[in-house]
Amino acid sequence: MLAGKGFKKVFNVAGGIKAWHAKTAIGPQDLGMDLFTGKEEPLDVLKVAYSLEQGLYDFYIVMEKEAEHEKVKDLFGKLSEIEVKHQMAIYTAYNDISDEEPSKDEFEKMVEIKALEGGLSTREYIDLFNPDLTSETDVISLAMSIEAQALDLYQRVSSKIENPQSRDIINQIANEEKAHLASLGKLMDSL
Amino acid sequence: MKWMQFLTPAKSLDFDETNAYISQHPGDKITILDVRQPSEYQESHIPGATLIPLPQLSDRLDELDPEKPTLVY
């Protein structure tokens, strides 16, 4: 149907979702979309993204405390450090385009902490994935599920955002999530 | 009669090829199109996929960019 309607390149994903062995996302198409109105200016987008990263950072810190297995504790610690880097990148991007250049503390005061990255709350994630906190594989798998969910959210939001510069920022963050997902995959393979 | 619309000249990509294609292209440069029902999408979908159930597809084609490579499942 698409090819006959002027679509230049159409590919059929053989086997559909059943053949898809990488991480999937869940939820309806509007899941987490309420975090964005669609009217955000570039600075607003960065604030929301920062809050989502903060949610995930908090989540990993809580999980680090809850985990009893030493290796798993370390892993959650490492994952939380990665989120700090994400946040730093977002804060730097904010200062690059803001006239005010707030300090990190001032910036954090402006940011309202919302849901986790990916648009689900901590409890929803734990209930959903029910990770075995003694298993490194389970922990990385959980992190990959969250990254997949985040990638999914940013890509869905991208089509809703009206300001082209804001949309570019969202797309850039989505591409970074994709890279994070790939690096977690490598980490999983290395176990 | 535009016969092209009745044929399916779409190339098939297996899992590895699809995964590689998605990894190599920024998300805003391609469309991943899920044509299943909303309940199926809700249960599990490829991250970033746009949902347009097959029965609605012909009426909603204007929501998609024909210039972008489109991966359909």
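How are α5(A) and α6(A) oriented to each other, roughly parallel or roughly antiparallel? The model examined here is a predicted one, in which local features need pLDDT of at least 70, side-chain atom pairs count only at pLDDT 80 or more, and totals for chains, interfaces and linings use all residues. Residues are numbered from 1 along each chain as its sequence is written, and chains are lettered from A and ligands numbered from 1 in the order in which they are written.

Helix α5 spans residues 136-158 of chain A, and helix α6 spans residues 164-190 of chain A. Helices here are DSSP runs of H or I with at least four residues, strands are runs of E with at least two, and both are numbered from the N terminus. The axes of α5(A) and α6(A) come within 9 Å and cross at roughly 160°. Axes are lines fitted to C-alpha atoms, for helices over the stretch in contact, and angles run from 0 to 180 degrees between N-to-C directions. The two helices α5(A) and α6(A) are therefore roughly antiparallel to each other. Angles over 145 degrees count as roughly antiparallel, under 35 as roughly parallel, 65 to 115 as roughly perpendicular and the rest as oblique. The crossing of α5(A) and α6(A) is left-handed; that is, the near helix is turned anticlockwise from the far one by less than a right angle, whereas clockwise would be right-handed. Their contact has 15 nonpolar, 6 polar and 4 charged residues. In these classes Ala, Val, Leu, Ile, Met, Phe, Trp, Tyr, Cys and Pro are nonpolar, Asp, Glu, Lys and Arg are charged, and the others, Gly among them, are polar.

Helix α1 (residues 42-66) of chain A packs with helix α2 (residues 70-97) of chain A at an angle of about 165°, and their axes are 9 Å apart. That makes α1(A) roughly antiparallel to α2(A). The crossing of α1(A) and α2(A) is left-handed. The residues of this contact divide into 18 nonpolar, 5 polar and 4 charged. Ala49(A) lies in helix α1 of chain A. Ala49(A) is buried, with 28 other C-beta atoms within 10 Å. A residue is buried if 20 or more other C-beta atoms lie within 10 Å of its own, exposed if 12 or fewer, and partly exposed in between, with C-beta atoms placed from the backbone. Leaving aside residues up to four places away in sequence, Ala49(A) touches Ile90(A) and Ile173(A). Contact requires C-beta atoms, placed from the backbone, to lie within 7 Å. Ser103(A) is 54 residues from Ala49(A) in sequence and 17 Å away in space, C-alpha to C-alpha.

Chain B has 3 helices and 4 strands. Along the sequence, chain B follows the pattern β-α-β-α-β-α-β. Of its 73 residues, 27% count as buried. Among contacts in chain B between residues at least 6 apart in sequence, 38% join residues at least 24 apart.

Strands pair if DSSP finds at least two bridges between them.

β1(A) and β1(B) pair over 3 bridges. Val13(A) has Leu13(B) as its bridge partner in β1(B), and Asn12(A) has Ser12(B). β1(A) also pairs with β4(B) over 3 bridges, where Asn12(A) stands opposite Val72(B). Next, β2(B) and β4(B) pair over 3 bridges, with Thr31(B) opposite Thr70(B). Strand β2 (residues 31-34) of chain B pairs with β3(B) over 2 bridges. Leu33(B) faces Thr50(B) there, and Asp34(B) is partnered by Leu51(B). Both faces of β2(B) are covered: Thr31(B) and Leu33(B) on one side, and Ile32(B) and Asp34(B) on the other, are all buried.

Between the chains, 37 residues of chain B are in contact with 38 residues of chain A. The elements giving two or more residues to this side of chain B are β1, α1, α2 (38-43) and β4 of chain B. The residues on this side of chain B divide into 18 nonpolar, 13 polar and 6 charged.

Notes
Two residues are in contact if their C-beta atoms, placed from the backbone, lie within 7 Å.
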